[in-house]
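Please keep the structure open while you read.

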Amino acid sequence: MTAPTPASGMSEPLVFESMTKRYGAITVLDNVSVTLEPGRIHALMGENGAGKSTFIKLIAGVVSADSMRLRKGPAEIPLHSAADAAAAGFRFIHQELNIVPQLSVAENILLGHRTPRRFGILVNWREMAMRARDALGRLGVDHIDVRGHAGDLGTGDRMLIRLASSLVADEVAAPCLYVLDEPTAALKDTEVEKLFSVIRGLRDNGAAILYVSHRITEITELCDDVSVLRNGKLIRTCKIRETNKDRLVRDMTGKDLGDTVPPRTSAVGTQSVARLRGVASAHLEEISLDIAQGEVVGIVGLAGAGQTELLRVFLGLEKIHSGEASYLNRSVPASPSAAWANGIAYVPQERRSEGLMMRMSVRPNVILPHLLGIPAGIGRERRRTRELSEQVKLKAEGSEQSVWQLSGGNQQKVVFARAVGGRPRLLLLDEPTRGVDIGSRFEIYGLVRALASEGCSVLVASSDLPELVGLSDRVLVLDAGRQTGILCANGLTPEVLLNKIYHHQENVTA
């Protein structure tokens, strides 16, 4: 792998002092000071709504602070705009995969950078492609066609081109700080390892790295230092070796959560709610599965193994070529609207692009599929929204607050509120806790447990193996759309499950 572009020889720490931001009477960041050392990876942790996103927006210059000073050694650096941040050598890879799908991969990678031209007028497409390939090469990526449309890429590859964009050689200022916000949420295990290798290379070349993630195992594996925010305040900064998982959870939440996944409190029913017999489609092959009343069945495999497509069978979106698929002893619904009407609820993988109307308020996002069951009147809609919000422990200013103003964890709770609003018989979950803090995860797990105890069957696809093992009664393993095993979760460990995924333990039995 090509070594990452060296940092600008930064030898002085970056000191962000007295960072404060208020929105009206609400203080979202309260006198926070953090020092980022060159050649070290610094984690920023906290629950959704703790102030992490505001912290990033302030140092990116896209939001004005009520107070903040930035020093590099003894020198004070202006930071009032995005241009100031770029001139200071700050590079950002955000959680939202903002690409222009109609443009090529190369054009997306070079967005924000100088466009190579011929004769000062015409775009030099050959040089643009070369620079894009070079940037991808720094990530060890050679499978992406830089001339292809970015909109044709999967989620993981979209993240890779955003990462590659930050590695394009820049004529304005060599990068000295990289800020990565939940960069591994959509990546395969092999892509995560490549990313970690690149980050370590950047660190070893003298860059400061600010790494934001909810995944504690990533933090303890990758990072050197950690700062924890809670309710806009800095709780603690320390070296990673001076802390542990339990202390980090306590710092973030203010309490001990114990086991992450609550135990099952009721037995699985005997009635079959959904059944697949030899189902094949464009992405699946010979899938056979019975889902009992109140049972939680996990789906696992490498990225793209068919997890999402299996969920979409029950929404009528994955058309069956052969075999039989039934729900409540009838054929599966032919469309998502029919699925919702018949007690099948869905929480999609990408809540912002697939699950939410971001510019609308909480109320329509929660009740839209359930309007026929609510007596007419805005007051009744608000009342029902409030009831469902309380059920999922949604933290919002009210039913009319815009969804885009909520933290990621609370946005996910809006999607869950809509899902439980129809009292589902079958709940389909696709990466239900992606980008969600540990406190909100615990509440989501509790909600799933409560629904299962009431007889709702749950089919959950997740790349978080401890989550899947903790939640599931059984786990279905997929490989390239083919079923390779169904494992009983009792006594199952993430390590055994990982071996099964990679076919290292072929004799594991249900």
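Helix H13 spans residues 378-391 and has 14 residues. Helices (H or I, at least four residues) and strands (E, at least two) are DSSP runs, numbered from the N terminus. This is a predicted model: local features need pLDDT of at least 70, side-chain atom pairs count only at pLDDT 80 or more, and totals for chains, interfaces and linings use all residues. Residues are numbered from 1 along each chain as its sequence is written, and side-chain values use heavy atoms, without hydrogens and water.

**Around H13**
- Glu381, Arg384, Thr385, Leu388 and Ser389 are buried in H13 (under 20% relative accessible area, 1.4 Å probe, protein chains only).
- These residues cover an arc of only 135 degrees around the axis, which puts them on the same side of H13; the arc is that of the directions from the helix axis to the C-beta atoms.
- Their cover includes helix H12 (362-367) and helix H14 (408-420).
- Lys393 follows H13 and has a positive phi, near 60 degrees.

**The whole chain**
- The protein chain has 17 helices and 22 strands.
- Its C-alpha atoms fill a box of roughly 70 × 50 × 45 Å along the principal axes.
- Buried residues make up 53% of the 510 residues.
- Among contacts (heavy atoms within 4.5 Å) between residues at least 6 apart in sequence, 66% join residues at least 24 apart.

Definitions and conventions. Expected span 1.5 Å × (residues − 1). Buried < 20%, exposed > 50% of the residue type's maximum accessible area, 1.4 Å probe, protein only.
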